[in-house]
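Hello,

The structure we talked about is below. My notes on the pocket and the aromatic rings follow.

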Amino acid sequence: MTDLDSLRKTLLDEIETAQNLDDLEQLRVAVLGKKGQITKRMKGLGALEPEARRNQGAALNTLKEEISRAITERGRVLGDSALNARLLQERFDMTLPPRPETEGRIHPISQTLGELLQIFGAMGFAVAEGPDVEDDFHNFAALNIPPEHPARQMHDTFYFPPDASGERRLLRTHTSPVQIRTMRAAKPPIRIVAPGRTYRRDSDITHTPMFHQIEGLLIDRGTHMGHLKGCLFDFCRAFFELDEVPLRFRPSFFPFTEPSAEVDIGCAREKDTIRVGAGADWLEILGCGMVHPKVLEHCGIDSSVYQGFAFGLGVERVAMLKYGIPDLRTFFEADLRWLRHYGFLPLDVPTLTGGLS
Ligand code: PHE
């Protein structure tokens, strides 16, 4: 047996018996690396006679190829079994509950917004958004509330200092500016809800300077009050998870709707608690109406072809009603004990099929 034959045999043996990828890599370096056994022999070729050099060179090349192939092949086998071993070891039971139990809770506002979007989403409303910092045009003028209109006083607006041009930006007092932004950007039919933060200079047991509304807007041909009523009845039944919900549409006034109504929900007040669905009392939950033709015209929509309805609902209001939370201000006190009591488990995502709450 020549020297190369015995080297070949030894190397193939070692490759075959390498037990892991590290050993195999060491072996590869020792044979094919810069100072490896085969590399060294190749470097030695220069010292040979031309004839011997050619023969020895060819033999070394063949050997080198064979050994690299064997190493690659063995590497694949070892790699597979290393992966299998890891997969076996890392196997875990996905059906086990998470441990330790999570401490975090979903805030009732987030939960309620999730429920509202589930319901309106199923009715075909898309979600639209607008900025918290608004200008006069979107928050007032385009909504048919010109300067000096008495309705501006009702809004207790937070204003920013005037800019160079004298314009005062403001914190939006309602989500209705999203109506304007949506109608100016899209052509009817339009069907959106716009959830978000709203701000008014107001603070007592039933008011906080920041609160949430969800705006609804539907614009199409032939839309009428009946559609608005049906939509709100369906919504209330789904949200309060009751078959029958007493609702009262009370004539009201908003500059941007005509006719306008406020909607009260029937409830029973007992000392500190309010129960929805039965009883002799009424509680206002939202304002609504048919979009005023002037508002449509401000947005470039032909009011002789299209009509629409809009509503604005107080998110804290309905959350308090549904979950029996007596004081509005507690929502924003960031009290962990309150959150542990009224909060929701993060994995209980509200869905119409799986249950909203
Ligand atoms: N934007 C009104 C408010 O905040 C509510 C409303 C919205 C009324 C849409 C009618 C239509 O009081």
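A pocket here is an open set of points on a 1 Å grid over the protein atoms alone, where a 1.4 Å probe fits, with protein on both sides within 12 Å along at least five of seven lines; lining residues have an atom within 4 Å of a point. A volume is the space filled by probe spheres set on the points, which are joined across faces, edges and corners.

This is a predicted model: local features need pLDDT of at least 70, side-chain atom pairs count only at pLDDT 80 or more, and totals for chains, interfaces and linings use all residues. Residues are numbered from 1 along each chain as its sequence is written, and side-chain values use heavy atoms, without hydrogens and water.

The largest pocket holds about 1200 Å³ of space. It is lined by 46 residues, with His-207, Glu-284, Ile-285, Gly-314 and Arg-317 closest to its centre. The lining divides into 19 nonpolar, 16 polar and 11 charged residues (nonpolar: Ala, Val, Leu, Ile, Met, Phe, Trp, Tyr, Cys and Pro; charged: Asp, Glu, Lys and Arg; polar: the others, Gly among them).

On the rings, the whole structure has 12 aromatic pairs (Phe, Tyr or Trp, the last by its six-membered ring, with centres within 6.5 Å; planes under 30 degrees apart are stacked, over 60 edge-to-face, the rest tilted). Phe-239 and Phe-240 are edge-to-face, 4.9 Å centre to centre with 85 degrees between the planes. Trp-338 and Tyr-342 are tilted, because their centres are 5.3 Å apart and their planes at 50 degrees.

Regards
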